[in-house]
Amino acid sequence: MEWLVIIITLVVLWVASLFKILHESLSASQAAVLNDGGVFHNRNVLLVIAHPDDESMFFTPTLNYLSSRGCNLHILCMSTGNADGMGNVRKEELYLASIVLKVPQKQVKVLDHPDLQDGFGKSWNSKLLSKIIKEEIVNCASDLVITFDNYGVSGHCNHQDVHQGVRKLLQDTSLKEVEAWELVSTNILRKYSGPVDIWLSLLSAKFHLSGVMHCLLNEHPRRSLAAMAQHKSQWVWFRKLFVSFSSYTYVNCLKKIN
């Protein structure tokens, strides 16, 4: 009987959370509810990721939110994800996913640098990353950069390296007008709580200083599944489960990097 109550409670929470997301996506007053203060409106945004599929597995709430607010989106992917010898395939899959996510293919750049190859234990140089990111910011006239935080959601070393590259970039005094925001990593319970985590994310954002953290709900959760499905080489059963149950499919908390 106790287990039945727990299961029913979880189901109710799950449904209520999905309803909250749907309500916010249809609400004309969403900007006021989420209270981003216009920080993410009409910006030239550069999303910096480590591998093809990072954008679909982790950042779709952010991409959907920004695209609906007039932002010009660019994606810089630091590798082809060639750890298993499928780099060329994965590169093309990223282009297909970007179309689903409303990012023009011509605004997606995938690198295949000999010193930036995918793999656990393959450390990437922060100075090299900073140099490449700066070049892309100049080329795209970007005024806002978004990337992983220092844990990198999954703990992958390449995610962490990209974060360090952006931090290195911020030391460049010639880029004072560029803001950088990081995707906040959560503990494993929150990570796999699906849409239920939106409540904790909203609460967490409220407890931070105004303008330091923003919670972005995914206005199109099914688009996340559709985007990840374009990565056919990676679309195996456990990743299907991940995208379905991951809180990153439903909500992103972005924190300003100082």
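A helix here is a DSSP run of at least four residues, numbered from the N terminus. The model I am reading is predicted.

**Entry 1: Leu129**

Is Leu129 buried or exposed? I find it buried, with a relative accessible area of 0%. Next I asked what Leu129 is in contact with, leaving aside its neighbours within four places in sequence. My list reads Met78, Leu116, Trp124, Asp161, Val162 and Gly165. I also checked Lys168: its C-alpha is 8.5 Å from that of Leu129, though the two are 39 residues apart in sequence.

**Entry 2: the whole protein**

I stepped back for some totals. I get 11 helices and 7 strands for the protein. Of its 258 residues, 51% are buried. The accessible surface comes to about 12,400 Å², and carbon and sulfur atoms hold 59% of that. Then I looked at contacts between residues at least 6 apart in sequence: 82% of them join residues at least 24 apart.

**Entry 3: salt bridges**

How many salt bridges does a search of the whole structure find? It finds 8. I went through some of them.

Back in helix H6, I took Glu136 and its partner Lys109. Their closest N and O atoms are 3.3 Å apart. Glu136 sits in H6 (residues 126-140) and Lys109 in strand E3 (residues 108-110), so this pair ties together parts that are 27 residues apart in sequence.

Lys134 lies in H6, whereas Asp172 lies in the loop between helix H7 (157-169) and strand E5 (179-183), so parts 38 residues apart in sequence are tied together. Lys134 is partly exposed, with 30% relative accessibility. Asp172 is partly exposed as well, with 23%.

The next one I noted is Arg190 with Asp197, whose side chains meet at 2.5 Å, N to O. Arg190 counts as buried at 19% relative accessibility, because the cut-off is under 20%. Asp197 is buried at 2%.

I also wrote down a network of salt bridges that links Arg43, Asp143 and Glu179.

**Entry 4: cysteines**

How many disulfides are there? The count comes to 0. I looked at Cys215, where the nearest cysteine sulfur belongs to Cys253 and is 4.3 Å away. A disulfide needs the sulfur atoms within 2.5 Å, so Cys215 is in none. Cys215 is buried, at 3% relative accessibility. Cys71 is buried too, with a relative accessible area of 11%.

**Entry 5: helix H5**

I checked the length of helix H5, which covers residues 87-100. At 1.5 Å a residue its 14 residues should span 20 Å, and the end C-alpha atoms are 20 Å apart, which agrees.

Which residues of H5 are buried? I list Gly87, Arg90, Glu93, Leu94, Tyr95, Ala97 and Ser98. I kept the helix rule in mind: with 3.6 residues a turn, residues three or four places apart point the same way. The buried residues of H5 pack against helix H3 (54-58), strand E2 (72-77), E3 and helix H10 (221-229). E3 is a name I had already written down, as the strand that holds Lys109. Just after H5, I noticed that Lys102 takes a positive phi of about 65 degrees.

**Entry 6: a nonpolar patch**

Which residues make the nonpolar patch of about 880 Å²? They are Ile188, Leu189, Tyr192, Val236, Trp237, Phe238, Leu241 and Phe245. Helix H8 (188-191) and helix H11 (237-245) each supply at least two of the patch residues. H11 gives the most, with 4 residues.

At 71% relative accessibility, Leu189 counts as exposed. My notebook began with a buried leucine, Leu129 at 0%, and ends with an exposed one, Leu189.

Methods:
Residues numbered from 1 in each chain as written. Predicted model: local features only at pLDDT ≥ 70, side-chain atom pairs only at ≥ 80, totals over all residues. Heavy atoms only, no water. Salt bridge = Lys/Arg side-chain N within 4 Å of Asp/Glu carboxyl O. Buried < 20%, exposed > 50% of the residue type's maximum accessible area, 1.4 Å probe, protein only. Expected span 1.5 Å × (residues − 1). Contact = heavy atoms within 4.5 Å. Patch = residues over 30% accessible without salt bridge, like charges linked within 9 Å, V, L, I, M, F, W, Y side chains within 5 Å. Areas by Shrake-Rupley, 256 points an atom, 1.4 Å probe, with all protein chains shown as cover.
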